[in-house]
Amino acid sequence: MGLAKKNRKYAQMKRMISQRDARLKKNQLKGEEQAKKKQKGDDVVREIPQQPSALFFQYNTNLTPPYSILVDTNFLSHTVQHKLDLLPTMMDCLYAKCTPIITSCVMGELEKLGTKYRIALKIARDERWERLKCSHAKVYADDCLVDRVTKHRIYIVATNDRDLKRRIRKIPGVPIMSVARGKYVVERLPDAPEK
């Protein structure tokens, strides 16, 4: 009995219900909402997104010369660094006529980058390239390109951005052009010459 008297009693305080206790009414409502969400998530989805009819496995039959090439900001800056001409180098890479296309999002991104990218901006403003107006407002240029390519798979995307390449590789039938070793390289284009 002497042992019990020697021990001190720790944490003796008034017991209170915590704010996260399940017995509180607001937490019971949250629990019911979460249960409903789980039930909705368990429903089997019977609809599969329809693949375009132009795709035969990974081969896109819509890609024929003259090629339409969506150009990214990163691609233009690497072209300037390697001192390459945009159109002749594209034509050397693809052995066909090419149409570089620059979206208004890419132009806006180039203008925001400032004086460091003034030569790339000068190349982008050239009258020979086709321009695409973007209907959305203030969207990141990479999201714009991915969205456009997902809707219409008639483009080749020219970029050196690693994250954008990763996103585009998930979309079947869309080739990627990039700058490597002082020349342009195309991946995922059927019958593309390997150098």
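Here is a friendly walk through a predicted model, told in questions and answers.

Q: How many helices and strands make up the secondary structure of the chain?
A: The chain comes to eight helices and eight strands. Buried residues make up 36% of its 195 residues.

Q: What share of the contacts in the chain with a separation of 6 or more comes from residues 24 or more positions apart?
A: Such residues account for 60% of those contacts.

Q: What makes Val146 count as buried?
A: Buried means under 20% relative accessible area. Val146 has 12% relative accessibility, so Val146 counts as buried. You will find Val146 in helix 7, which covers residues 141-151.

Q: Which residues is Val146 in contact with, leaving aside its neighbours within four places in sequence?
A: Val146 is in contact with Leu164, Arg167, Ile168 and Ile171. As for Val157, 11 residues from Val146 along the chain, the C-alpha atoms of the two are separated by 9.0 Å.

Q: Why is Thr103 called buried?
A: The cut-off is again under 20%. Thr103 has a relative accessibility of 1%, and therefore counts as buried. Thr103 belongs to strand 4 (residues 98-103).

Q: Which residues is Thr103 in contact with, once neighbours within four places in sequence are left aside?
A: The contacts of Thr103 are Leu70, Leu132, Cys134, Cys144, Leu145 and Arg148. Thr103 and Asp72 are 31 residues apart in sequence, and their C-alpha atoms are 8.6 Å apart in space.

Q: Which residues of helix 3 are buried?
A: In helix 3, residues 73-81, the buried ones include Thr73, Phe75, Leu76, Ser77 and Thr79. After helix 3 comes Lys83, whose phi is positive, near 55°.

Q: How do you know that Thr73 is buried?
A: A residue is buried under 20% relative accessible area. Thr73 has 4%, so Thr73 is buried. Leaving aside neighbours within four places in sequence, Thr73 is in contact with Val106, Glu109, Leu110 and Leu113.

Q: How many aromatic pairs does a search of the whole structure find?
A: The search finds one aromatic pair. Its members are Phe75 and Tyr184, with ring centres 4.7 Å apart.

Q: Why is the pair of Phe75 and Tyr184 called tilted?
A: Ring planes under 30 degrees apart count as stacked, over 60 as edge-to-face, and the rest as tilted. The planes of Phe75 and Tyr184 are at 45°, so this pair is tilted.

Q: What makes this pair a tie between parts of the chain?
A: Phe75 lies in helix 3 and Tyr184 in strand 8 (residues 183-187), so the pair ties together parts that are 109 residues apart in sequence. Both Phe75 and Tyr184 are buried.

Q: Which residues does Phe75 touch, not counting residues up to four places away in sequence?
A: Phe75 touches Leu86, Met90, Ala158, Thr159, Asn160, Met177, Ser178, Val179 and Tyr184.

Q: Which residues have the most contacts inside the largest nonpolar core?
A: They are Tyr67, Ile69, Phe75, Met90, Leu94, Met177 and Tyr184, in a core of 33 residues. Helix 4 (residues 86-94) gives the most to this core, with five residues. Another core, of 13 residues, lies apart from it, and among its members are Leu70, Leu132, Val146 and Ile171.

Conventions: Residues numbered from 1 in each chain as written. Predicted model: local features only at pLDDT ≥ 70, side-chain atom pairs only at ≥ 80, totals over all residues. Heavy atoms only, no water. Buried < 20%, exposed > 50% of the residue type's maximum accessible area, 1.4 Å probe, protein only. Helix = DSSP H or I, 4+ residues; strand = E, 2+ residues; numbered from the N terminus. Contact = heavy atoms within 4.5 Å. Core = buried A, V, L, I, M, F, W, Y, C linked by side-chain atoms within 4.5 Å. Phe/Tyr/Trp six-rings, centres within 6.5 Å; stacked < 30°, edge-to-face > 60°.
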